[in-house]
Amino acid sequence: MNVISKDSYYIYNYACAEEEIPLCALEIRSLFGKDSLSQYNSIESHLLIDPSRSPFISGRLDVMFQSENIKDLLEQVNTMSELASSFKVLFVKNRGDSSKARINYENRNEIIRQVANNIRGKADMHHPEIQFAVMFVKGKWLFGPYKENQAVWLKHKSKPYNYSTALNTRVARAVINIAVPDPKGIKVIDPCCGIGTVLIEALSMGIDIVGSDINPLIMKGIRENIAYFGYKAEVRIEDICSIEEEYDVAIIDLPYNLCSVLPEEVKVQMIQNARRFTKKLVVITIEPIDTILIKSGFTIVDRCELRKRNFARQVIVCS
């Protein structure tokens, strides 16, 4: 859940490959409600989001103290009450900032040492109970607890069944965040769930999602993939035309177009049926479908292009 606190603010640092920039930007717009990509490789927000939700966010600094110079920051850190838990201090680099953000290894270690010396408590570099960080962002030194991304999606690569044309787990995870930035009270469906890549990423975030697919031959693989990671979800054999229940969000991925061209009338039928049972639709496609979406009554509100080798996927957000 995304929590807004007017009394606190957070710094999220992120990183992505050059070809992932459009997807990263769309995810950030979806999660934070604004176009936040900048030269600083960081986002300032009052929204509290678990960094492990995103394949691009490296970590979150919960800002306790800030100052324009390190001396004042050290004095502020010194005002903290004695810690009952062990701690560790990191220096989190902010690659896009000024030269101070690119200070050398020795100076970073010296800053860590000075900050740690101003914290009353037991330092533990290997198994700390609390992790703090120092950052330099937009001309200010910042300090506070730091939560690192656990890269949950990496273990999902090793599911028992895979399709060569399926989304990779990083892309699937970003798509989930684009489709469901705040999961509270949201019902989601993946009506063409394939081998379950999107389902698994959504379930790992605690999102209320069901899956369906018209192909009975893949049901065993889908269910075993989900169970392999200890998740549970309703997965059923169902044609998209037969879906009667209403959902807040639907995610439709069309990767199989790489192997066989989907007839125009089938695409129209799928999108028109989605309009019937969902308020919001996120489509992943390698073929132009804007006209179909608009004729079906959807409004395209955002999008990005994700290039891979000799083809490009479109991620299209509709309401």
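Mentor: A cavity here is a set of grid points where a 1.4 Å probe fits but cannot get out. This is a predicted model, and its largest cavity has a volume of about 40 Å³.

Trainee: How many cavities of 30 Å³ or more does the structure hold?

Mentor: It holds one.

Trainee: Which residues line the largest cavity?

Mentor: The lining consists of I252, L254, K267, M270, I271, V283 and I289. Helix 8 (residues 264-277) supplies the largest share, three residues. By class, the lining has six nonpolar residues, no polar ones and one charged.

Trainee: Turning to the packing, which residues touch the most other members of the largest nonpolar core?

Mentor: That core has 48 residues, and those touching the most other members are L23, F32, I207, I222, I226, I251 and V315. Its largest share, seven residues, comes from helix 5 (residues 169-179). There is also a second, separate core of 21 residues, with I189, I252, M270 and C318 among them.

Trainee: And what does L23 touch?

Mentor: Leaving aside residues up to four places away in sequence, L23 touches F56, V171, A174, I178, C304, L306 and V315.

Trainee: L306 interests me. What stands opposite L306 in strand 16?

Mentor: R313 does. Strand 15 (residues 300-308) and strand 16 (residues 311-318) run antiparallel and are joined by eight bridges.

Trainee: How many residues lie between strand 15 and strand 16?

Mentor: Two residues separate them in a hairpin, and R309 in the turn has a positive phi of about 55°.

Key. Residues numbered from 1 in each chain as written. Predicted model: local features only at pLDDT ≥ 70, side-chain atom pairs only at ≥ 80, totals over all residues. Heavy atoms only, no water. Core = buried A, V, L, I, M, F, W, Y, C linked by side-chain atoms within 4.5 Å. Buried < 20%, exposed > 50% of the residue type's maximum accessible area, 1.4 Å probe, protein only. Helix = DSSP H or I, 4+ residues; strand = E, 2+ residues; numbered from the N terminus. Contact = heavy atoms within 4.5 Å. Pairing = 2+ DSSP bridges. 1 Å grid on protein atoms, 1.4 Å probe; cavity = no way out; pocket = protein on both sides within 12 Å on 5 of 7 lines; lining within 4 Å. Points joined across faces, edges and corners; volume = space filled by probe spheres on them. Nonpolar A, V, L, I, M, F, W, Y, C, P; charged D, E, K, R; others polar.
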